[in-house]
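Please read this briefing alongside the structure shown below. The points after the lead sentences are grouped by topic.

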Amino acid sequence: MGLNLSPADRLLLAMTLVQAAAALCAWFTSDRAGRWAVFAAQAVAAALAARLQPGGGLRPASALGPGAAWLAVILGVGLTVTAYRLWESPEARSEGDGHRYNALLALLLAVVAAVPFAGSGLRLWLSVEAVTFLMALLIDVERRPQSVEAAWKLYILSAAGSLVALLGTALAEGSAQPALALTLLAVGYGAKAGLVPLYLWKPDAYAATSATTGALLASLESLVGLYAIAWWVPRLGVSSAPSWPLLLLGGLSLLMAALALPAERDPRKALAYSTVEQAALAVLALAAGGPAGPLLAFWLTLNNAAAKPLAFFTLGRPGAARWLYALALLTLAGVPPMNVFFGELALFRTLGAFRPLLLAGVLALLVPIFIGLVRLVTVALFPAPQPESQAAGEASPLSWSAALASAVHLLAVLALGAAGLPLAVLGGAVLGAAGLGGGLL
Amino acid sequence: MEILALLSVSSLAAVLAMTVSRQLDSLIGLYRWQSLLLTGTVLALAVRLGHAHLFWTAGMALLLKVWAIPSMLRRLIHGTILERSELHFPLTATGTLLFASLLTVFGLAVGIGLGPSGTASLESAVGLASFLLGLALVALRSEAIAQVIGLLVAENGSMLLILALAPSLRLVLDAGLFFETVIGAWIMALLVHRMHLVHGHTNTSLLRELGSRWV
C-alpha cells in the first residue's frame with residue numbers, strides 16, 4: 001500500500017525530515033556542529049525546493065503551485081539567518097543554551113516552511129500556531145531575565161489571536177459570514193503580523209532577543225501572519241471589492257506606528273514599530289489593491305524580509321556594520337533606490353487610484369515614521385561620546401559569516417530595488433489587469 | 001433541548017463567577033466545572049444532531065479539560081504562596097462584575113444571531129459571551145496563571161461557538177482542542193514556571209524590565 005502524496009506534500013515531507021534530523025543532531029552534538037547542521041539542513045531544504053521534480057530543473061512554482069514565492073522568501077531568510085551564526089562567537093550571538101537553540105531553530109524553520117503548503121484553512125491555522133509555539137520557546141531558551149517576560153507577552157497575545165483566528169476559520173469554512181470571518185482572521189493573524197490590537201508584544205520581544213531571533217521575528221513571524229491573511233482574502237471574495245475592515249485595521253496599525261516610532265529611543269523597539277508599519281501597508285494593499293492586492297502585499301512583505309535581518313545583524317556592531325545598519329534603516333524609511341521605496345510607490349499609485357484621500361492620509365502618517373527612522377540613522381552614525389567605562393564593553397565586529405549574511409541582504413535590498421522599478425511605474429492596477437496578482441496565493 | 005439550554009447557561013454562570021473569584025484554587029475549580037458543563041453540552045449536541053464524532057470530542061474534552069489541565073495547574077501552584085494568596089482586581093469586585101455583565105449582554109446579543117443561516121442559537125450566544133469573558137479575564141487579571149485560565153475559558157467559548165455554527169467541522173474542533181489546550185497550556189505552564197524561577201513571582205503587572213506597560 002503506497003502513499004499517494006502530491007509533489008508539494010513530498011517536498012514538505014522531505015524538507016521536514018531533513019530539518020528534524022538537523023534538530024536531533026543539534027541536540028546531541030556540540031553547539032558548533034549544531035549550527036552547521038541547521039545551516040546544512042536549510043541549504044538542503046532550499047535545494048529540494050528548487051529541484052523537486054524527478055527530472056530536476058528549477059521549477060518550484062510548478063511543484064508547490066501557489067505560495068512558491070512565499071516559500072522562496074522563507075527559505076532565503078532561513079539560509080542567511082543560519083549562515084549568520086556560523087562564525088559568530090557565543091557572546092556576540094547571545095542565544096543562551098546553544099544545543100536547545102539550534103534544535104528549536106531547525107524545527108522552527110521546518111514549520112515556517114510548511115505554512116505556504118497549507119492548502120486549507122485549518123492546516124494554515126495549525127502551521128501558524130506551531131510557528132508561534134516554537135518562537136516563544138526560542139525566546140525563552142535565550143535565558144536572559146527579560147526573555148521569559150518577552151516570551152510570555154508574545155505567547156499570551158498570540159494565543160488570544162490564535163483563538164480569534166480559529167473562530168474566523170470556522171466561520172469562513174462554514175461560509176456563514178465572510179465579512180465577519182475576514183475581520184476575525186485579520187485580527188487573529190494580525191497578532192503575528194503586527195496589526196492592532198494584538199501587536200503589543202512586538203516592541204518588548206524585539207528588545208529582549210538576540211540578533212538571530214530578532215531577525216526571525218521581524219521577517220518570518222510577520223510574514224506568516226501576512227501570508228495567512230493574504231491567503232484568505234481572495235477566498236472570501238475580497239479581491240473584487242475593497243475591504244473596509246482590512247482598511248480600518250491597516251489604517252489604525254499605521255497610526256499606532258506613526259505615533260510610537262518617532263518617540264522611541266530603543267532602536268530594537270523602533271524596528272518593531274517599523275514592522276507594524278510594513279504590515280499595515282501590506283494589509284492596505286490587500287484591502288484596496290483589487291486583483292493586484294496579493295502581489296503588492298507579497299512585494300511589501302518581501303521588502304521587509306530583505307531589510308529587517310540586515311538591521312538586526314548589524315545593530316550595535318562597530319566599524320562598517322554601522323553603515324550597513326544605517327543603510328537598512330534608510331531602506332525601511334523608504335529612501336530610493338532601495339526596494340522599500342519602490343514597493344511603497346506601487347502601493348501609493350494603487351491607493352491613489354482607489355481613494356486619493358486615503359493616499360493623503362497614508363502619506364501623512366508615513367512622515368513621522370520617516371523622521372523617526374532617520375533620527376535613528378543619525379544616532380547610529382554619530383553617537384554621543386560614551387564614558388570610558390561604557391566604551392570598554394563595546395560589541396565585537398561582525399564575523400565573516402555575519403558579514404557575508406549581511407552582504408547578501410544588502411544585495412537583496414538593492415537588487416529588489418532595481419527589480420521594483422517596473423512594478424512601481426506600472427502600478428498595481430496595471431499588474432492586476434495583467435493577471436499577475438492571483439498566482440501568488 | 002431544555003438540557004442543552006440548562007448546560008449552556010450554567011456554563012456561562014461558571015464563567016461569570018470566575019471573573020470575581022479571588023483565589024487561584026477556586027478559579028481552577030470553576031474552570032473544571034465549566035469544562036464539565038461544556039462536555040455535557042457537547043454530549044447533548046451529539047445526541048441531538050446524531051454526529052458520532054462529537055462523542056469523541058466530548059471524551060477528549062473530559063480527559064483534557066476536566067482532568068488533565070486543571071490537575072496540571074493545581075500542581076503548578078501546590079505548595080507555593082499562590083495557593084493561598086488573594087488575586088488582585090484592577091477594578092473593584094463590583095466594577096468587575098458590572099463590566100463582565102455588560103460584556104455578557106453584548107456577547108449574548110451579538111452571538112444569538114450568529115447561528116446557521118442567521119437563526120437564533122443559544123449555544124452560539126453563550127459561546128461568544130464565554131469567549132469574550134475569557135479574553136476579559138486575560139486583560140483584567142495580572143496573575144499569570146489566572147491569565148492562562150482566561151485563555152482556556154476563551155478556548156472553551158470558541159469551542160462552543162464552533163459547535164453551534166458548524167458542528168460538522170470536526171477537524172477544526174479537534175485541532176483547537178489539541179493545540180490550544182494541550183500544547184498551549186503546556187507552554188504557558190512552562191513559562192509560568194520559568195517566570196517564578198527568574199523573577200520570584202508570577203505577577204505579570206510587575207514585569208517591567210522591558211519598559212512597556214501592557215495588560
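In this predicted model, 42 residues of chain B are in contact with 37 residues of chain A, contact meaning heavy atoms within 4.5 Å. The two chains, B and A, bury about 3600 Å² between them, with 79% of that area on carbon and sulfur atoms; buried area is the accessible area (1.4 Å probe) that two parts lose on being put together, summed over both.

Because the model is predicted, local features need pLDDT of at least 70 and side-chain atom pairs count only at pLDDT 80 or more, while totals for chains, interfaces and linings use all residues. Residues are numbered from 1 along each chain as its sequence is written, chains are lettered from A and ligands numbered from 1 in the order in which they are written, and side-chain values use heavy atoms, leaving out hydrogens and water.

**Between the chains**

- The rule finds one salt bridge across the interface of chain B and chain A, a salt bridge being a side-chain nitrogen of Lys or Arg within 4 Å of a carboxyl oxygen of Asp or Glu.
- R194(B) forms a salt bridge with D140(A), and the closest N and O atoms of this pair are 2.8 Å apart.

**Helix packing in chain A**

- Helices are DSSP runs (H or I, at least four residues), numbered from the N terminus, and axes are lines fitted to C-alpha atoms over the stretch in contact, with angles running from 0 to 180 degrees between N-to-C directions.
- The axes of helix α6 (residues 98-114) and helix α11 (residues 211-235) of chain A come within 12 Å and cross at roughly 20°, which makes α6(A) roughly parallel to α11(A), a term for angles under 35 degrees.
- Residues making this contact include Y101(A), L105(A) and L108(A) of α6(A), together with T212(A), L216(A) and V224(A) of α11(A).
- By class, the contact of α6(A) with α11(A) has eight nonpolar, two polar and no charged residues, where Ala, Val, Leu, Ile, Met, Phe, Trp, Tyr, Cys and Pro count as nonpolar, Asp, Glu, Lys and Arg as charged, and the others, Gly among them, as polar.
- Helix α14 (residues 293-314) and helix α15 (residues 320-333) of chain A have axes that come within 8 Å and cross at roughly 150°.
- The contact of α14(A) with α15(A) has eight nonpolar, three polar and one charged residues.

**Helix packing in chain B**

- Helix α4 (residues 93-111) and helix α5 (residues 122-140) of chain B pack at an angle of about 145°, their axes being 7 Å apart.
- Among the residues in this contact are F99(B), L103(B) and G107(B) of α4(B), and A125(B), L132(B) and A136(B) of α5(B).
- The contact of α4(B) with α5(B) has 14 nonpolar, five polar and no charged residues.

**Cis peptide bonds in chain A**

- V196(A) and P197(A) are joined by a cis peptide bond with omega about 0°, and P197(A) has its place in the loop between α9 (178-193) and α10 (201-208) of chain A.
- P336(A) and P337(A) are joined by a cis peptide bond with omega about 10°, and P337(A) lies in the loop between α15 and α16 (339-354) of chain A.

Technical notes
Helices (H or I, at least four residues) and strands (E, at least two) are DSSP runs, numbered from the N terminus. Angles under 35 degrees count as roughly parallel, over 145 as roughly antiparallel, 65 to 115 as roughly perpendicular and the rest as oblique.
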